[in-house]
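Reader: I have a chain open on my screen and a few things to ask about it. Can we go through them one by one?

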Amino acid sequence: MRLSATKMGVTNQNRSLGNQLWDLAGGRPSLDLPFADNKSLVDATTGANLVDFTRASSATYVGSDGLIKTAPPDVPRFDHDPATGESLGLLIEDPRTNLLTYSEQFDQWVIGGGSSVTANQAVAPDGTNTADRVQHTGSGSSWIRQDVLNVGTQYTATVYAKAVTPGTNDQFTFNIGGATNSDIKTATSEWQRFTWTATASANSFYINNGDDSFSTDVYFWGAQLEADSFPTSYIPTSDSTVTRAADVASIEGANFSSWYNQSEGTVFYEASAKSPEIPAALFNSGSFNSSSPRINVNVISGSLGGGGRTQVVVSNTQFDTGNMSTPSYSLGTIVKQASAFQTDNFAHCFQGGTVITDNSGTMPSTLSRVSIGFNWTSSYLNGHIARLAYWPDRLPDF
C-alpha cells in the first residue's frame with residue numbers, strides 16, 4: 001500500500017515507518033488517541049470512547065492554568081507543564097504513598113529551636129492561601145523534620161517552594177536520614193517543585209539541617225516523601241499517610257476487535273517516562289502473564305533497549321529489540337516510536353533512528369485486549385502519553 005502524508009512542519013513529504021509520522025493514503029488510523037490535543041479518552045477516528053479507565057483513589061495533576069487540580073477516583077488526568085501550560089497528555093502512574101503527614105501544614109512537624117513556621121502566609125500552587133512561611137537561622141537546630149524513614153531504604157523527597165524575598169535567604173536543603181545534606185536548592189519568585197533522592201542511614205527526614213551555614217526564609221507547600229528513586233504527582237496528606245492508586249487504562253472485547261487486525265498492524269506513540277530501567281508498555285496487547293501471546297511496545301531506558309522496545313511473543317519470543325541499539329533519551333522527555341508487525345516482517349524505529357527489522361516470526365492470533373501505559377508485570381509508565389495510534393496494516397519502512 002502506498003503511503004502519502006505531510007511531515008510535521010513540512011509539506012509534500014512521503015512518510016514512513018522511518019520518520020514515524022504518517023497517515024494511510026485515503027484513510028486514517030483505525031484507532032487514534034490524541035490525548036494531548038483532545039484531553040479526553042475519545043477515539044478521534046470513530047468518536048467513541050473505547051478506553052476503560054479506573055483509579056481507586058483521587059489524584060492530582062496540573063491544569064492548563066498551571067494550578068494543581070484534583071481528579072476524583074476513576075477520572076483520567078490530562079496533565080500540563082506547570083511553567084508553559086503545554087498539554088502533556090494522559091498521565092499514567094503506579095501506586096504511591098506520601099509517607100509525610102501534614103504535607104501542607106509545616107507547623108505540625110517537629111520544629112527545631114532555630115526555626116519557626118507561620119501558617120497560611122501565601123497563595124499555594126493549587127490557588128489556595130495555604131502556603132506556610134518557614135524560617136531557619138544559619139546555625140543551631142535549624143530545621144523542620146519528621147521521623148518516618150527506614151534505614152537502608154531509598155527515598156525521593158519533593159516540596160514546592162517560593163522565596164519570600166527572592167535573592168535573600170532563599171536557599172534550603174533536604175536531608176534524608178543521613179550525614180549529608182542535598183545540594184543547595186534556591187527558591188525564586190515563582191513556585192517550583194524541588195526534589196532529592198537518597199538512601200536513609202537514620203530515621204529522620206529534614207528540610208534544612210543544623211549544619212547549614214545560611215539562613216532560610218521560604219514559603220513551602222506540598223511536601224512529599226516516596227520510597228522510590230523518582231517522584232510522582234503530588235499526594236496531599238493531613239494526619240495520616242495517603243496512598244494514590246494506580247491509573248489503569250485498557251481496551252477490551254468488542255471495543256478492541258473493532259479496530260485491531262490480528263494479521264498485521266502498526267503502532268505509533270508519542271510519550272514520556274520518568275521510570276528508569278522499567279519496560280512500561282505503551283501498548284501491551286495480551287494478558288497479564290509474561291509467557292502469554294502478546295505484542296509489547298515500550299518506552300524504557302538503560303540496558304533494556306536505550307529508549308524504546310518492541311516485542312512480539314507467541315509461545316516464545318518472535319521479535320524483540322530489547323538487546324539492540326536504539327537512541328537513548330532523557331527521562332521525562334516526550335519521544336516517538338513506531339512498531340510494525342506482520343508474519344516474517346517486523347520492524348521498530350525509535351526517535352527517527354535506524355529501522356530495526358526481522359524477517360522471521362509469526363503473529364499472535366488470539367489477542368482480545370490492550371493495556372495502555374502498563375504491562376503484565378504491573379510496570380507502569382509513570383509518565384505521559386501524548387498520542388497513541390494504530391493502523392490495521394503493516395506500513396512500509398521507507
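Reader: Is Asp-74 buried, partly exposed or exposed?
Author: Asp-74 is partly exposed, with a relative accessible area of 43%. Keep in mind that this is a predicted model.

Reader: Where does Asp-74 sit?
Author: Asp-74 is in the loop between strand S4 (68-71) and strand S5 (78-80).

Reader: And what is the phi of Asp-74?
Author: Near 65°, which is a positive value in a residue other than glycine.

Reader: What about Tyr-102, what is the phi there?
Author: Phi of Tyr-102 is near 50°, again a positive value in a residue other than glycine. Tyr-102 belongs to the loop between strand S7 (96-98) and S8.

Reader: Buried or partly exposed, that Tyr-102?
Author: Tyr-102 counts as partly exposed because its relative accessible area is 23%, and buried means under 20%.

Reader: You mentioned S8. Which sheet has S8 in the order?
Author: An open sheet of four strands, in the order S8-S11-S17-S14, with antiparallel pairing. Strand S8 (110-111) and strand S14 (174-176) are the edge strands, and each pairs on one side only.

Reader: How many bridges join S11 to S17?
Author: Four bridges, between residues 144-147 of S11 and residues 204-207 of S17, and the two strands run antiparallel. Asp-147 stands opposite Ser-204 in S17.

Reader: Change of topic. Which residues have the most contacts inside the largest nonpolar core?
Author: Ile-251, Trp-259 and Tyr-260, in a core of 40 residues.

Reader: What is Trp-259 in contact with?
Author: Leaving aside neighbours within four places in sequence, Trp-259 is in contact with Ser-30, Leu-31, Leu-50, Ile-251, Phe-283, Val-370, Tyr-390 and Pro-392. Apart from the core that holds Trp-259 lies another core, of 25 residues, including Phe-106, Ala-157, Phe-194 and Phe-220.

Reader: Now the whole chain. How many helices and strands?
Author: Two helices and 30 strands. The chain has 398 residues, and buried residues make up 52% of them.

Reader: What share of the contacts comes from residues 24 or more positions apart?
Author: They account for 67% of the contacts with a separation of 6 or more.

Conventions
Residues numbered from 1 in each chain as written. Predicted model: local features only at pLDDT ≥ 70, side-chain atom pairs only at ≥ 80, totals over all residues. Heavy atoms only, no water. Pairing = 2+ DSSP bridges. Buried < 20%, exposed > 50% of the residue type's maximum accessible area, 1.4 Å probe, protein only. Core = buried A, V, L, I, M, F, W, Y, C linked by side-chain atoms within 4.5 Å. Contact = heavy atoms within 4.5 Å.
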